[in-house]
Amino acid sequence: GGCIRDTFWKKKVQEIDLAINIDPIRLKDMVSRLKCKVRDIGLEYGTITVIMEGEKFEITSFRKDIETFGRKAKVQYSDNLLEDAKRRDFTFNAIYLSPEGIIVDPLESFPDLRSGEVKFVGDPNKRIEEDYLRIIRFIRFSIEYESEAESSTLEAIKLNLNGVRKISKERILNELIKILKNE
């Protein structure tokens, strides 16, 4: 999502995150056979980090959230791209690129990307309750794309504002730095 978003807006791609329909344990085993470093810091959420020729890639297995706890979740792996897209934060982050370089847009979100509209996937309140950092990310992207917030989104942010206190200071600072750098 982010790589596609940045490429569309002709911004420098900061990181390349990949999504794949392979179980993370099997994926880690497959990638470990290559000449690269593999870190499984996010393995419980289906993510491995691969460092190859000095480049870092995060690879996350398609999944759906079974239960969420602020910034954490109990996940179930899936081979279903649509299920994976439905758990994403913003519509423009639910756009994929196939290995052949073809845009895959399971939620038909490309118009939001094109217009710079920052919209939560599905119910804004539910997306925010899954991860309160999304409030700050919403603000960052809204500033960046000069996007107006829908009334339902503003209401969800107001209802969940106290949840920001549960986020680590480092994560908040990281988002604030991105706002100031306009990344």
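Reader: Is Arg127 buried or exposed in this predicted model?

Author: In this predicted model, the relative accessible area of Arg127 is 6%. Buried means under 20%, so Arg127 counts as buried.

Reader: Which side chain makes a polar contact with the side chain of Arg127?

Author: Arg127 lies in helix H5, residues 124-130. Its contacts beyond four places in sequence include Lys86, Arg87, Asp89 and Arg134. The polar contact, at 2.7 Å, is with the side chain of Glu130.

Reader: Within what arc do the buried residues of H2 fall?

Author: Helix H2 covers residues 24-32, and its buried residues are Pro24, Leu27 and Val31. Seen down the helix axis, these residues line one face, because their directions fall within an arc of 55°.

Reader: Which exposed residues does the face of H2 turned away from its buried side carry?

Author: The buried residues of H2 are covered by elements that include strands S1 (16-20), S2 (37-39), S3 (47-52), S4 (55-61) and S6 (72-77). The face turned away from that buried side carries Ile25 and Arg26.

Reader: At the start of H2, which backbone nitrogen does a side-chain oxygen of Asp23 reach?

Author: The side-chain oxygen of Asp23 comes to within 2.9 Å of a backbone nitrogen at the start of H2. That nitrogen belongs to Ile25.

Reader: How many aromatic pairs are there, and what is the angle between the planes of Trp9 and Tyr145?

Author: The count of aromatic pairs comes to 12. Trp9 and Tyr145 form a tilted pair, with 5.3 Å from centre to centre and 45° between the planes.

Reader: How many residues apart are Trp9 and Tyr145?

Author: Trp9 is in the loop between helix H1 (2-8) and S1, while Tyr145 is in helix H6, residues 133-145. At 33% relative accessibility Trp9 counts as partly exposed, whereas Tyr145, at 11%, counts as buried. The pair links distant parts of the chain, and the separation is 136 residues.

Reader: Why is the pair of Phe62 and Tyr96 edge-to-face?

Author: The ring centres of Phe62 and Tyr96 are 6.4 Å apart. Planes over 60 degrees apart count as edge-to-face, and this pair is edge-to-face because its planes are at 75°.

Reader: How many residues apart in sequence are the parts tied together by Phe62 and Tyr96?

Author: Both residues, Phe62 and Tyr96, are buried. Phe62 lies in the loop between S4 and strand S5 (63-69), and Tyr96 in strand S7 (residues 96-97), so the parts tied together are apart in sequence by 34 residues.

Reader: Which residue lies over the face of Phe141?

Author: Phe141 belongs to one aromatic cluster, whose members include Phe8, Trp9, Phe138 and Tyr145. Over the face of Phe141, at 4.4 Å from the ring centre, lies Arg140.

How values were computed: Residues are numbered from 1 along each chain as its sequence is written. This is a predicted model: local features need pLDDT of at least 70, side-chain atom pairs count only at pLDDT 80 or more; totals for chains, interfaces and linings use all residues. Side-chain values use heavy atoms; hydrogens and water are left out. Helices (H or I, at least four residues) and strands (E, at least two) are DSSP runs, numbered from the N terminus. Buried means under 20% relative accessible area, exposed over 50%, partly exposed in between (1.4 Å probe, protein chains only). A polar contact is a pair of N or O atoms within 3.5 Å; within protein, one must be able to donate a hydrogen and the other to accept it, and residues adjacent in sequence count only if both atoms are side-chain atoms. Contact means heavy atoms within 4.5 Å. The arc is that of the directions from the helix axis to the C-beta atoms. Rings of Phe, Tyr and Trp (its six-membered ring) pair if their centres lie within 6.5 Å; planes under 30 degrees apart count as stacked, over 60 as edge-to-face and the rest as tilted. A charge sits over a ring if NZ of Lys or CZ of Arg is within 6 Å of the ring centre and within 35 degrees of the ring normal.
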